[in-house]
Amino acid sequence: MQLELRHLRVLRTIADQGSVTRAAASLGVSQPALTAQLRRIEQTLGGPVFERDHRGVSPTAFGEFVLARTRSIIAGVDDLLQARTPAHPVVRVGSFENPIVVTLLESLSRTLPDSRITLQTEHFVRVLVDMVANDRLDVALVADYPGHALRSHASLGLGVVAVEPVFVALSSGHPLAGRDEVDLAELAGEQWVLPPSDGMGWPEHLLEACAAAGFSPRARYQMVEAGVRRELVGAGHAVSACQALYDAGPAVTVLPLRGNPLWMRHVLLWRTAGPVAAQSATVLAAAVSAHRAVADRSLPYQAWSSRYGTPPDVM
């Protein structure tokens, strides 16, 4: 069997739905037919793209690789199919899982009222960088880490949105949950939720900090799904590093790490020859404003800020 674009769309739909049954309903085919088609696609690719359990499906490590490229290919083909002069200019925004992205979109809509704002999200942040460089996105919100700083490139504009510490999320019933902050070494015996590498230095930065603290985290769970991660942490099955502005929900407590061993930098990228370049200062200001608005609503971040003050230049 030759791999075709329709097969990639099938993989994307299954990943988005998290279930072959729901994907079959979305695609208008029977579940057995879609299962058989998925089996043929996986045979063509040479490995399983999804793992199945009673909850549905989740990507394998190989599947994460396939899906990252699948989404990039589909986005590129869709751009070609839609190539025409639109009634309103389109600003294609990309982002990783980020608490400020919705506020950023709202800010961009006010800043660029005559533009149609679209959004594509990716776990593999390096894919977002490549998509901006290859004119598949106009602007992207990405992240980098100390020792893994994003290198400047003549074709890319870069603006720093914010520098912030990385916190830890644990169950609200955890013995450490009542603390103001926790030492990273105190989490040495915990089970951790870790994602696969985002291509930009995470979780490598975390692993380096843990090694400096004298331990290697026991990564019992590896995933990118935010909802499942929150459930695992909330139920007390694991702890997880998280962004300082992470919206934890009632079952999860977010705490700073004593001494701030982990840092991240939010970075806005745009193509210097692209349509956003002329408005890059305005768009960057919108991103900074979006981060400030979310930070002002985050109690853990405000408590940290009152204790430590302005984040230093750590990159």
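1. Let's start with Val142. Apart from neighbours within four places in sequence, Val142 is in contact with Phe96, Val125, Leu128, Val129, Leu150, Arg265, His266, Val267 and Leu269. Keep in mind as you read that this is a predicted model.

2. Where does Val142 belong? Val142 is one of the residues with the most contacts inside the largest nonpolar core, alongside Val161, Leu187, Trp192, Leu206 and Leu268. That core has 76 residues, and its largest share, 9 residues, comes from strand E6. A second, separate core has 16 residues, including Leu8, Ala23, Ala24 and Val49. As background, nonpolar side chains tend to be buried together in soluble globular proteins.

3. Next, have a look at helix H8, which covers residues 226-234. Which of its residues are buried? They are Arg229, Leu232, Val233 and Gly234. These buried residues pack against five strands: E6 (156-171), E7 (191-194), E8 (218-222), E9 (240-243) and E10 (252-255). Just after H8 comes Gly236, with a positive phi of about 85°.

4. Finally, turn to Arg92, which sits in strand E3 (residues 90-95). Is Arg92 buried or exposed? Its relative accessible area is 16%, so Arg92 counts as buried, the cut-off being under 20%. The Arg92 side chain makes a polar contact with the side chain of Asp135, at 3.0 Å. Leaving out neighbours within four places in sequence, Arg92 is in contact with Asp79, Thr118, Asp135, Arg136, Leu137, Asp138 and Val139.

Note on methods: Residues numbered from 1 in each chain as written. Predicted model: local features only at pLDDT ≥ 70, side-chain atom pairs only at ≥ 80, totals over all residues. Heavy atoms only, no water. Helix = DSSP H or I, 4+ residues; strand = E, 2+ residues; numbered from the N terminus. Buried < 20%, exposed > 50% of the residue type's maximum accessible area, 1.4 Å probe, protein only. Polar contact = N/O pair within 3.5 Å; in protein donor to acceptor, adjacent residues only side chain to side chain. Contact = heavy atoms within 4.5 Å. Core = buried A, V, L, I, M, F, W, Y, C linked by side-chain atoms within 4.5 Å.
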